[in-house]
Every structure is written in structure tokens, then in C-alpha cells.
Number of protein chains: 2
Amino acid sequence: MGRKRTKSGKIRLAEVAELAGVSPITASRFFRNPEALSVAKRTRVESAAKELGYVPNLAARALASHRTEVIGVLIPSLTNNVFSDVLRGIYDASEGSRYSIQLSNTRYSILQEEKLLRLFLAQKPAGLIVTGIDQTAESRAMLQAADCPIVQIMEIGPDPVDMMIGFSHYDAARAAVAHLFEQGHRKVGFVGARMDPRVQRRLDGYVSAMKDAALFDQRLVVTTATPTSVTLGGALFTDLLAREPDIDAVFCANDDLALGVLFECRRREIAVPGQIAIVGFNDLEFMASAVPTLTSVRTNRYEMGKTAATMLIDAIEGRRPEQPVLDLGFRVIERQSSSARRSDSRPAVSGAGAANKMIALPSGQD
Amino acid sequence: MGRKRTKSGKIRLAEVAELAGVSPITASRFFRNPEALSVAKRTRVESAAKELGYVPNLAARALASHRTEVIGVLIPSLTNNVFSDVLRGIYDASEGSRYSIQLSNTRYSILQEEKLLRLFLAQKPAGLIVTGIDQTAESRAMLQAADCPIVQIMEIGPDPVDMMIGFSHYDAARAAVAHLFEQGHRKVGFVGARMDPRVQRRLDGYVSAMKDAALFDQRLVVTTATPTSVTLGGALFTDLLAREPDIDAVFCANDDLALGVLFECRRREIAVPGQIAIVGFNDLEFMASAVPTLTSVRTNRYEMGKTAATMLIDAIEGRRPEQPVLDLGFRVIERQSSSARRSDSRPAVSGAGAANKMIALPSGQD
DNA sequence: GTCGCTGCTGGTAGCGCTGTCAACGTTCCT
DNA sequence: AGGAACGTTGACAGCGCTACCAGCAGCGAC
């Protein structure tokens, strides 16, 4: 059980080539572009490599080829379950490919993001996945100049650096509020935490929907920069209630807050949805099993990650997508927590996504 | 916005050396072991590097030194919040160091783990973090033979491959059941999902505690190999209730299941803790804000990840820890869901951990 | 039969850095 | 004063792989 570091491993490409009776360069080609070899040599190299248990030295490959097989991923948080779903999709898509994932956490700071970006770019990644569309000018310039494909995820916006996959948080929030209106609710509060750009856009969507209905009032909005949590949901709701005791619904910027609001209602013996309706955002797994079950806006997080990585790998390998911007849409999942005040229920509100496939989320799948 | 890949970047170590008026090798030393240089040259190289904006080529470094600066991390799941806390600790500890984290997901398969291990080891990582103590014989042999420090995390067991940090799931489960006994509960059910080795050991702890009290009955145990979820908690509890309607407590192998049980109780109008007490495991953030608040066994996940990575980096750099096996302990956090039947409450049950520091978990911190 | 094309293969020459070891100047000891 | 010991520096020789380009065979067209 030697703990120290020593010399290099063993079998090199040259050994494989020798056993196969070809030149090293031919063996090299086998791993990069097998089609270029004659069938005879191809099988010879293949079996030689297998026999010797050859494993390529990635450092040597990177040095010689001026290129790494690393996909850099910049996400704002490792805790937020939203990102763990996305990540799972990314990892799943990268599995089996030659690319490895290099993850970095920006902690919701675009300055930190800029720093990490510089770090990544210096290593010449094969591709990059970045979160959102709100980079610093400097970051954006670096991305524009970058020598690799890039996918922006989580939302869609006007001018993609390269590729983009996500959905409109603004529209999703509007749809959620519209759903509450349909159910007969009027005095709809907003509860939000962290207030990162995407939450901010959900707030914007809420505000616009409320204004359209001439129902907007700044006092209905409670937000904080504090990171989100279930407990915080209860606290923010308490603030909201203190300010506006007669609200009849709450739109929560995420599901944790919604759960906190639900618990707080229970604590205060406020009937849900009788007195107050609750709508969350993301449709985490627990929303469907709460009592009452909680309405939420379903987003395709796993699919987003998986598609992003797949698009990126395709682009790296020269197969640029027909459609560089992909709107994955969202869907309001109506449940008990927002059921009708008056009886005139409608079908679920579905949003965006040209090809809004609405693949079932494998939440809690692994 | 060139998307393609091209030639290499620019300034090399040689350029820096030239500007600084030293040999390349001296410049190289500056980055690896500054103390070995005279102060004069050190500052010359430093300012030259800064002036040119030199960024070392890691591939060349790895090739020449037969060593990478990559820490491999093998975890069973990217979804489970338990691991996202650990991961956050690992990433936090690695930040600022020269090491980068390479993450892989074993999906709770030790065969997959073996495969990934082989892959990792082939790249000569600087260090390795692996989950648990249940590797295949082959994996274990590879780890023993590995040429780098290794930390096993999540639990502690008899013979560490190298270093180890975690706690006893067995003892933690026993403590949870003991707490229920203290509160006057007798007919305690067990609900578990996934049944990975750690959940299995929690079950073992539960069984032993029940047997010690002559209360064990196989019919009180409901488990499934299905991945855990809140919904599943409700379903398993339903099974348990159908089988043994007169249980007075449920020990859940994790908090998601506990939340599911709580919701199911609410659905069935079973009073908690009046009719049935609930205890979870991990003490996720929401446990403290549920209604009633839910008792759980707190585990130091963030600290575990952070300490593991810190120990590993220290070991890589030659500073082996005095104590290669670290028991981080656990703590039963008593809340309403398990409060006393008869009145004889006691202080919280604390477990293990020579230096059981009980650092507050920064859950939902970022 | 020669030319030119295509398809496959191999030789040469590094990629940018560090391990090893020798060489140098200085200090300190006897 | 001579030499050992130390601290600092540099020369050399690759690490294992691939870019580039040359070479060769096989084939069809003129």
C-alpha cells in the first residue's frame, strides 16, 4: 500500500503499436479516427491494446494536441437541488463519451464566475457550460473569444454567446399567476429568496401579470437576498401576512419556500387552499406528496443538463446543432394547494418550447 | 467568436525565465518550491510571470512530472442531498489549493465503482476520495496498490485502506431507537429505501436495539430497493400500517422518508406524536420547520467533505494526519415528532466522535 | 504505359515542462 | 589555508503522444 508517488505506469502507445506490428502513429490514429485505418490494422491494434490493457496518457495527448478533453461547467450552487438535477443530466450525457466534466461553483457571484472562467479558459477546455445569461462584460468578452463551443443553460435570452438551452422564467411566473387568477384568486403575494437573476425574472413575470390585471401592489412582494430554505419560506410568509393579512394566494419563487409557507399555514391553522392558495416553482418531488399536494411549475432540469451536454459534445465534434437556442418550456402542475375558489377549472397551462416535449422528470431517480 | 480549436496559447515558462533573466528550470522551481530560490530571483520570476500573465500548462506539467493535480471523488449519487452537502465541503476545501476535483457517480453500484476506479487510477490522481467501506475485492486491491493518498468517507469501519472519516450508522440508529424508547415508545417500526450499505447498517442498528429490548419483530421492518423519495415514505408507511396497525413510532432511514410518513399521517389523520412518533435521519434543513417539527439524527456532512479533502491534500503534500481515522459522530436532535409519551425527558443523545465537535451544519447556506 | 488521384501508412519533430545530477559560489570548520 | 558542506543554479534529456508531411501502393483515365 505505497502511498507515495513514483514513476509512470507502464504500457505506452508504442508498445501497443509494436505488438500490433504497426507504427505508433497508426496506433494513435486507431484511437482518434478508427475509420482511417484498414480493417486489418484496425483489428490488430484493437486486440493489441486490449491484450496489454493499454490506457492512453491524457496529459501527453493534451500536450501534443493542444487540446483537452475537459468540459468545464460553471454553476452557482452545489446545494440547490435544482442544480443537482441539471448536473446529473450533464454527467449522464458525458458518460461513455471521451470527455470529462470539470465542475466549479460560482456561489452566485458573477465576479467569482469571471475568475473561474479565466481559469478554465487557460486550460483550453473542449467545451463550456455556463449558467444563465448575466455574465460580466469581461466574462462575456472571454466567452466570445473562446476557442470552444459554449452552452448557456437555465434560461433563454436575446443574444446567445453560442448555444443556449433553458426556458423563460418570466413567462413561467406569468403562467403561474395566470393559473391563480383562473382559480379565482386575486390578492396574490410573492415570496422570493436569494434573488439571483432567474428569481428576479420570476418576480418580473409576477409583477407584469399582476399589473396586467391591475392587481399589483408593492406590499404584496416579500424578498430577501438570504439563501433559500424551508424555514425561510415560513418567515417570509409571516412577514407578508403581517403586512397584508387578507391575501388569498402566494406564489413562491421555489418549492422550498412553498413548503415553508405550507407549514406556516398549518402552524397558524390557515386552510390551504381554502383561505390561501400556494404555488411553488420547479416541481420538486415532494410537492406531489405534501398535504395538501402543492401546485408548482415543472421545469425540465434533468433534460436541460443532458441536452446541454449532448449539444456541446456534438458541437465539439463538429456536429453543430441545427437550432442553437432551445426552449425547453415549463408546465404548471395544478394540485390541491391552488384548486378553484369558484368552480371553473381549466387544463394545465403549458409554456413555450417549440418542441415542448415535457419529458417526465426522473426526480429522485437516483 | 471563433468556435473552432486552434494552436496553443502563448507565453511559456521559457519566456518568463528569459524576461526574469534566469534559466527555465529556475523559473519552474519558482512555481513548485519558491523557498528554494534566492529572494532576488524569486521576486524577478514572480514579477516576470505577472507581467506576461503566465499560466502554467498543466498537461505539460503532468507529462513531465508523472503526476496530476487531480483529486478523484467517487460518490454513489448526485441527487441525494446528503452527498451534495459532502460535495460542497470537498469543493470548498479544494478551492484555493492547486488541486482540482474530478467527480464520478457510481450510482450505488460497486461494479461501476470498480470500473471508475480503474479509470481514475490510470490517470495517476494526486489523491482519491471514495464513499464507504464496501468495495469489491478487486477495487480494494487497486486502492491498496494505489500510488496516492486515499480517504474513505461517510462511515468508519475496521480496516481503512488509508484514511477514513465518517461515523457509525449502526450506533446512530441505535441512538435513535434508544431515544424513542426513552420517550416511552415500544412498538417501533423501521422504514428504509435504497438499502445501500449505510442504510443497511442503520437497519442493523435498529434491529440490535430492538432485540436488546426484546421488542424486535420482523413484521415491523419495511424496506425496498427503490430509490428514496418523500412519496415512497408515505407508501412504505402505508404498508407498515397495514401490517401492524398498532405501532407507536417509526424510525425512518432518512429524512425524505420521514417527511413522507408525516404527510401520510396527516392524510390519515393520525396524530404525531400523539399516536405515532417519527424520527428521521440526517437532519436536513426542513426537519426543523415541519409541523410538527421532526426529530432526526444530525450528521456532519459538510464538515465530513471539507475535512476529508483537507486531510487528503495535507497527505498529498506530505503532511500525514496524526490520526488517520476520524469519527465525526452524530447527534439525535429531539423535536416535537417524538416528544415524550410519559414525562421523563432527557438530554439529547450524542454519539461517538472522540472530538465530537458538533459544528453547526451550514445547510442551505449556498 | 504513364500520369494523377485516392487511401493508407510511417518518419520526423516537437508540445511545455520537470527529474536528475553536475557545477558553481559561499561559508564554516579544522 | 585547505577542504567539506551547504545553498543555489543550470544543462540535458526526455515524459507519451500527435501534427505535419512524405511516401507508397492500387486504381482508372488518357
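Author: Helix axes here are lines fitted to C-alpha atoms over the stretch in contact, and angles run from 0 to 180 degrees between N-to-C directions. The model is predicted, so local features need pLDDT of at least 70 and side-chain atom pairs count only at pLDDT 80 or more, while totals for chains, interfaces and linings use all residues. Residues are numbered from 1 along each chain as its sequence is written, chains are lettered from A and ligands numbered from 1 in the order in which they are written, and side-chain values use heavy atoms, with hydrogens and water left out.

Reader: Thanks! What makes α10(A) oblique to α11(A)?

Author: The axes of helix α10 (residues 230-243) and helix α11 (residues 255-268) of chain A come within 6 Å and cross at roughly 60 degrees. Angles under 35 degrees count as roughly parallel, over 145 as roughly antiparallel, 65 to 115 as roughly perpendicular and the rest as oblique. The value of roughly 60 degrees therefore makes α10(A) oblique to α11(A). The crossing is right-handed, a term for a near helix turned clockwise from the far one by less than a right angle (left-handed if anticlockwise).

Reader: And which residues of α10(A) meet α11(A)?

Author: Contact means heavy atoms within 4.5 Å. On the α10(A) side the residues include A:Leu236, A:Phe237 and A:Leu241, and among those in α11(A) are A:Leu257, A:Val261 and A:Phe263.

Reader: Why are α2(A) and α3(A) called roughly perpendicular?

Author: Helix α2 (residues 24-32) and helix α3 (residues 39-52) of chain A pack at about 85 degrees, with their axes 10 Å apart. That angle is in the range given above for roughly perpendicular, so the name applies to α2(A) and α3(A). A:Ala27, A:Phe30 and A:Phe31 of α2(A) make the contact with A:Arg42, A:Val45, A:Glu46 and A:Ala49 of α3(A).

Reader: How do you decide what counts as a helix or a strand?

Author: Both are DSSP runs numbered from the N terminus: helices are H or I with at least four residues, and strands are E with at least two. By that rule chain A has 12 helices and 13 strands.

Reader: What makes A:Arg301 and A:Asp85 a salt bridge?

Author: A salt bridge is a side-chain nitrogen of Lys or Arg within 4 Å of a carboxyl oxygen of Asp or Glu. At 3.0 Å from N to O, A:Arg301 and A:Asp85 qualify. A:Arg301 lies in α12 (residues 301-316) and A:Asp85 in α5 (residues 81-94), so the pair ties together parts 216 residues apart in sequence. Both residues are buried. In chain B, B:Asp85 and B:Arg301 form a salt bridge with the closest N and O atoms 3.0 Å apart, and B:Asp85 and B:Arg301 are buried too.

Reader: Are B:Arg320 and B:Asp162 buried or partly exposed?

Author: B:Arg320 has a relative accessible area of 39% and is therefore partly exposed, whereas B:Asp162, at 10%, counts as buried. Their side chains meet in a salt bridge (3.0 Å, N to O). This pair links loops 158 residues apart.

Reader: Why is B:Gly132 called buried?

Author: Its relative accessibility is 0%, so B:Gly132 counts as buried. B:Gly132 is found in the loop between β3 (127-131) and α7 (137-145) of chain B. Leaving aside neighbours within four places in sequence, its contacts include B:Met154, B:Glu155 and B:Arg198.

Conventions. Buried means under 20% relative accessible area, exposed over 50%, partly exposed in between (1.4 Å probe, protein chains only).
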